[in-house]
Amino acid sequence: MEAAADRIQDWWHRAYQKTRYEPRFYEEANAALPLQSEETTLDDLLTGLRRQRVRLRTDQQIAEWSAE
């Protein structure tokens, strides 16, 4: 995920920012991810995604998926 972080944020930016979908995108992200702030940025979403990954790995013991 770290290697793809820039591509993920670029995709989020192109797909959702400055579109009619932007409010819903942030609303759903805020509901689904452990975020720290009301003023959410794409960097915050990526941090929340990383935290959620750790949470799934530790709390639910879900194994990491590897493309290799």
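pLDDT is the predictor's confidence in each residue, from 0 to 100.

**Figure 1. Overview of the predicted model.** This is a predicted model, with an average pLDDT of 89 over the protein. A pLDDT of at least 70 is reached by 97% of the residues. Where pLDDT is low, the predicted coordinates should not be read in detail. The protein holds three helices and zero strands, and along the sequence the pattern reads α-α-α. The C-alpha trace spans about 35 × 25 × 15 Å along its principal axes. Of the 68 residues, 25% count as buried. Among the elements, helix H1 (residues 5-16) has the highest mean pLDDT, 95, and helix H3 (residues 42-59) the lowest, 91.

**Figure 2. Helix H1 and its two sides.** The end C-alpha atoms of H1 are 16 Å apart, which agrees with the 16 Å that its 12 residues should span at 1.5 Å a residue. Buried in this helix are Ala5, Ile8, Gln9 and Trp12. Seen down the axis of H1, these buried residues fall within an arc of 95°, so they line one face of the helix. An α-helix has 3.6 residues a turn, so residues three or four places apart point the same way. The face of H1 turned away from the buried side carries the exposed residues Asp6, Arg7 and Arg14.

**Figure 3. Ala5 in helix H1.** Ala5 is found in helix H1. Its relative accessibility is 8%, and because buried means under 20%, Ala5 counts as buried. Leu33 stands 28 residues away from Ala5 along the chain. The C-alpha atoms of Ala5 and Leu33 are separated by 16 Å.

**Figure 4. Lys18 in the loop between H1 and H2.** Lys18 lies in the loop that runs between H1 and helix H2 (22-32). The phi angle of Lys18 is near 65°, a positive value in a residue other than glycine. Lys18 has a relative accessible area of 76%; the cut-off for exposed is over 50%, so Lys18 is exposed.

**Figure 5. Ala29 in helix H2.** Helix H2 contains Ala29. With a relative accessibility of 11%, Ala29 falls under the 20% cut-off and therefore counts as buried. Ala29 and Asp59 are 30 residues apart in sequence. In space, the two are 20 Å apart, C-alpha to C-alpha.

**Figure 6. Helix H3 and its buried face.** At 1.5 Å a residue, the 18 residues of H3 should span 26 Å. The end C-alpha atoms of H3 are 25 Å apart, which agrees with that span. The buried residues of H3 are Leu42, Leu45, Leu46, Gly48 and Gln52. Viewed down the axis of H3, these residues fall within an arc of 160°, so they line one face of the helix.

**Figure 7. The largest pocket and its lining.** The largest pocket contains about 160 Å³ of space. Its lining is made up of Arg53, Leu56, Arg57, Ile62, Ala63, Glu64 and Trp65. By type, the lining residues divide into four nonpolar, no polar and three charged.

Notes:
Residues numbered from 1 in each chain as written. Predicted model: local features only at pLDDT ≥ 70, side-chain atom pairs only at ≥ 80, totals over all residues. Heavy atoms only, no water. 1 Å grid on protein atoms, 1.4 Å probe; cavity = no way out; pocket = protein on both sides within 12 Å on 5 of 7 lines; lining within 4 Å. Points joined across faces, edges and corners; volume = space filled by probe spheres on them. Nonpolar A, V, L, I, M, F, W, Y, C, P; charged D, E, K, R; others polar. Helix = DSSP H or I, 4+ residues; strand = E, 2+ residues; numbered from the N terminus. Expected span 1.5 Å × (residues − 1). Buried < 20%, exposed > 50% of the residue type's maximum accessible area, 1.4 Å probe, protein only. Arc of directions from axis to C-beta.
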